[in-house]
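Student: I've got a fold open on my screen and want to talk it through. Can you walk me through it?

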Amino acid sequence: AQTWSMISAGAGKTRRVIIAFADSPYTVPDGVGFVGVNDAGGACTVVLPALVATGLVAREIQVAKLTSNANIVTVDGNAAELILDAATFPLPNAFSAARFVDAATLWSVL
């Protein structure tokens with residue numbers, strides 16, 4: 001069972017989730033737009049949801065490393081999906097963050 005907390009931002013708003021090492025790997029569910037990662041217990045992996053191939057895309061998910069330790073937070077594409085033409089995207093630096101944008105054929109990074 002996952003032991004993350006969720007803060008609802010209201011109807012139709014983006015939900016925020018904080019996860020810890022025990023929740024890794026954590027697959028981002030629909031409706032979540034921010035994943036904060038407390039990797040104090042060890043390296044963590046956040047798996048992005050499947051890309052949306054049709055319709056209005058522009059879905060964004062921000063992932064942030066909430067600690068200053070040496071552990072790495074790895075963001076992974078769903079199944080064989082890519083992030084900037086790579087299978088994974090690391091967040092190795094203290095308090096680093098990246099915003100991932102669903103571009104229908106791969107995840108772009110802002």
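Predicted model: local features only at pLDDT ≥ 70, side-chain atom pairs only at ≥ 80, totals over all residues.

Student: How many helices and strands does the protein chain have?

Tutor: Read along the sequence, the pattern goes β-β-β-β-β-β-β-β-β-β. That gives zero helices, and the strand count is ten.

Student: Which residues form the aromatic pair, and is it stacked or edge-to-face?

Tutor: A search of the whole structure turns up one aromatic pair. Its partners are phenylalanine 89 and phenylalanine 100, with ring centres 5.5 Å apart and 85° between the planes. Planes over 60 degrees apart fall in the edge-to-face class, so the pair of phenylalanine 89 and phenylalanine 100 is edge-to-face.

Student: Where in the chain do the two partners sit?

Tutor: They are eleven residues apart, and the pair links distant parts of the chain. Phenylalanine 89 belongs to strand β8 (residues 88–91), and phenylalanine 100 to strand β9 (residues 97–102).

Student: Why does phenylalanine 100 count as buried?

Tutor: The cut-off for buried is under 20% relative accessible area. Phenylalanine 89, at 21%, is partly exposed. Phenylalanine 100 counts as buried because its relative accessibility is 0%.

Student: What is the C-alpha to C-alpha distance between threonine 27 and aspartate 76?

Tutor: Threonine 27 lies in strand β3 (residues 26–27) and is partly exposed at 44%. In sequence, threonine 27 and aspartate 76 are 49 residues apart; in space, C-alpha to C-alpha, the value is 9.2 Å.

Student: What share of the accessible surface belongs to carbon and sulfur atoms?

Tutor: Buried residues make up 32% of the 110 residues. The accessible surface comes to about 5800 Å², and the carbon and sulfur share is 58%.

Notes: Residues numbered from 1 in each chain as written. Heavy atoms only, no water. Phe/Tyr/Trp six-rings, centres within 6.5 Å; stacked < 30°, edge-to-face > 60°. Helix = DSSP H or I, 4+ residues; strand = E, 2+ residues; numbered from the N terminus. Buried < 20%, exposed > 50% of the residue type's maximum accessible area, 1.4 Å probe, protein only. Areas by Shrake-Rupley, 256 points an atom, 1.4 Å probe, with all protein chains shown as cover.
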